[in-house]
Amino acid sequence: MPEPVIEVRDLRTYFRTPGGIARAVDGVSFSINEGETFSLVGESGCGKSVTALSVIQLVPVPAGFIAGGEVLLRGRDIVHLSELEKRRIRGNKISMIFQEPMTSLNPVFTIGNQIIETIRLHQKKSTREAKTIAIEMLRRVGLPEPESMYYEYPHRLSGGQRQRVMIAIALACRPDLLIADEPTTALDVTIQKQILSLIRDLKREMRTAVLLITHNLALVYRNAERVGVMYAGKIVEMAPTRILFRNPMHPYTVKLMHSIPGMDKRGKPLDTIKGTVPPATMFPEGCRFSGRCPVEMEGCSRAEPPLIEYERDHLVACHLYDRGFMDRPVSRPITTGGESAPMRWTPSVKEEILLEVKGLRCYYPIRKGLFKRIVGYVKAVDGVDLTIKKGSILALVGESGCGKTTTGKAILRLIEPKGGRIVFKGRDITSLSEGELKPYRACMQIIFQDPYSSLNPRMMVGEIIEEGLKTLRPEMDRKERQEKVLSVMERVGLSGDMLKRYPHEFSGGQRQRIGIARALAVDPEFIVCDEAVSALDVSVQAQILNLLKSIQKDSGISFLFITHDLSVVEYIADEVCVMYKGKIVERGGVEKIFSSPEDEYTRTLLEAVPRID
Ligand code: SF4
């Protein structure tokens with residue numbers, strides 16, 4: 001039997017909040033063996049990250065505290081150690097890598113310094129020995145020229161390189177357990193693939209146990225041996241990965257899996273989960289998924305289902321499988337049709353061209369010296385041609401920095417292009433003055449990735465949606481504007497009583513609906529969606545994708561969908577343009593590009609996408 005490196009038993013981590021005690025983690029148990037990857041999945045707010053912080057003993061004090069349970073590291077309880085002993089374990093026996101490496105690295109120290117600091121804190125090594133280990137680790141994580149990389153500062157590295165440095169720091173002391181909390185969420189798919197295969201190789205070599213926290217089910221499928229599905233502070237299903245994906249039992253797991261977009265779901269609405277995860281201060285009585293569960297039964301909201309081993313190594317907490325609760329428990333996996341009826345989208349794509357972009361160029365000057373002379377140009381967008389038909393969705397895909405967002409903003413004339421032509425509804429708008437452009441501003445809108453930072457926190461929802469109407473539809477009076485605001489709010493699934501609320505009072509998905517309502521209010525014909533669903537949980541993402549698709553179908557609006565998530569493209573787009581280093585390298589219908597890509601870069605990009613068989 002392999003040794004468990006870490007055993008978590010009935011862990012309970014609570015927070016004192018003005019609204020009462022928040023039971024973020026509430027009775028979680030699992031173990032991870034040497035050389036094994038165990039993954040925790042679930043929507044935001046389910047307690048995954050707090051579980052990770054509890055394991056490494058970094059629960060934010062004074063609000064947070066471990067209210068009960070044990071965390072055993074190689075059989076020794078670490079919850080009740082002194083702070084000094086805990087510090088000896090952190091970074092040495094248990095290491096952690098976070099989602100955003102830039103905020104975890106100290107910008108004023110070289111990366112070499114940051115690695116040897118960790119080594120010398122935990123091991124009796126001279127500076128020279130620590131430096132040798134540091135350079136060796138930089139080499140092992142695949143950074144080029146590790147000797148010179150040692151003297152670099154974090155800001156001079158790319159996102160992928162910074163994440164490699166974080167892994168080098170985390171593994172420098174050969175820890176027993178590596179916690180990776182959304183380690184690749186901020187990275188492109190090709191870099192993500194490299195980072196995950198690096199973690200896999202190092203894990204195999206060092207026999208490290210890995211706790212992988214992610215909301216990406218395909219990543220889990222490809223990288224973890226076992227999975228725990230968390231919901232509202234509890235593990236509701238746990239099984240070896242292949243078993244869980246072949247035979248998901250808990251309605252929540254089934255729903256999560258059904259909401260993943262992809263080619264097989266094209267043309268029909270995605271399954272969604274109604275409602276949101278309840279706040280940790282107000283978990284419902286009985287089953288915490290009651291109220292959102294599509295197969296809820298009489299009594300589910302009264303008695304809490306225990307986590308039972310339904311079949312070998314497959315644990316589930318649901319009354320459907322509880323012999324004590326039902327006379328005859330369900331003997332096969334449930335499938336939930338969900339709220340979305342199996343109707344099909346039939347978007348009204350017309351052959352008529354709405355937008356034509358020819359030879360678009362956006363260059364940024366590189367200035368040097370005392371007089372800031374221009375010594376060259378960064379060619380962010382370098383001769384892009386694209387065409388969008390009326391009522392269609394064109395996806396623009398590619399890695400960060402390839403020029404996708406610059407292209408989108410240049411089309412809307414939010415940044416001035418250096419050259420090329422933008423023809424909208426037959427009119428060349430490339431060099432129109434701001435005044436001449438005004439009628440087109442209402443026709444062309446944008447929805448951003450981060451709905452929170454793109455909504456003014458001091459304005460109420462009604463004011464935010466009305467703002468564009470005031471500027472772009474001066475002919476409307478106050479009453480007409482109010483009616484319009486209410487009708488678009490209803491269109492995107494927000495109720496009228498939310499008019500006087502502020503953005504911070506909404507969930508991420510609701511905030512994105514506000515962003516969509518703001519764009520729709522001025523009756524646009526074309527919307528640029530810049531990574532509009534990238535920051536959302538898969539369940540919320542499904543709701544927003546359904547909404548965008550229904551807007552396309554009902555209103556005939558055309559979209560330029562900028563994204564790096566290819567499963568979203570497969571699901572939503574009619575055509576796709578692949579962008580690389582400022583140029584379009586391949587274009588065509590989605591089915592054709594995904595089934596037989598011709599360009600080398602497109603093939604690399606598609607191969608890097610983790611998939612569930
Ligand atoms: Fe649904 Fe009831 Fe099972 Fe909870 S216990 S997941 S409400 S069927």
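The following is a short exchange about how terms are applied to this predicted model.

Visitor: Why is L412 called buried?
Guide: Its relative accessible area is 4%. Buried means under 20%, so L412 is buried. L412 sits in the loop between α12 (404-411) and β16 (419-424).

Visitor: What makes R441 a contact of L412?
Guide: Contact means heavy atoms within 4.5 Å, and R441 is among the residues in contact with L412 once neighbours within four places in sequence are left aside.

Visitor: What makes β6 and β11 edge strands?
Guide: The open sheet has eight strands in the order β6-β7-β8-β3-β9-β10-β12-β11, with mixed pairing. Within that sheet, β6 (94-97) and β11 (308-311) each pair on one side only. From one strand to the next, the twist averages 25°.

Visitor: How do you know that β11 and β12 pair?
Guide: Two strands pair if there are at least two bridges between them. β11 and β12 (residues 314-316) have three bridges, in the antiparallel sense, so they are counted as paired. I308 has V316 of β12 as its bridge partner.

Visitor: Which helices lie on the strands, and at what angles?
Guide: Helix α7 (residues 159-171) lies across β6 and β7 (177-181), and runs at about 175° to β6. Helix α11 (residues 251-258) packs on the sheet, where it touches β9 (226-231) and β10 (234-240). The direction of α11 makes about 100° with that of β9.

Visitor: How is the size of the interface between domain 1 and domain 2 given?
Guide: The size of an interface is often given as the accessible area lost when the parts come together. Between domain 1 and domain 2 the buried area is about 910 Å², and carbon and sulfur atoms give 58% of it. On the domain 1 side, R23, E43 and L217 lose the most area to domain 2, together 55% of what that side buries. The domain assignment places domain 1 at 6-224 and domain 2 at 251-344. Their C-alpha centres lie 31 Å apart, and the contact takes 14 residues from domain 1 and ten residues from domain 2.

Visitor: Why is the link between R288 and D26 called a salt bridge?
Guide: The closest N and O atoms of R288 and D26 are 2.6 Å apart. The cut-off is within 4 Å, so the pair qualifies as a salt bridge. Between domain 1 and domain 2 the count is two salt bridges.

Key. Residues are numbered from 1 along each chain as its sequence is written. This is a predicted model: local features need pLDDT of at least 70, side-chain atom pairs count only at pLDDT 80 or more; totals for chains, interfaces and linings use all residues. Side-chain values use heavy atoms; hydrogens and water are left out. Helices (H or I, at least four residues) and strands (E, at least two) are DSSP runs, numbered from the N terminus. Buried means under 20% relative accessible area, exposed over 50%, partly exposed in between (1.4 Å probe, protein chains only). Axes are lines fitted to C-alpha atoms, for helices over the stretch in contact, and angles run from 0 to 180 degrees between N-to-C directions. Domain bounds come from an automatic or database domain assignment. Buried area is the accessible area (1.4 Å probe) that two parts lose on being put together, summed over both. A salt bridge is a side-chain nitrogen of Lys or Arg within 4 Å of a carboxyl oxygen of Asp or Glu.
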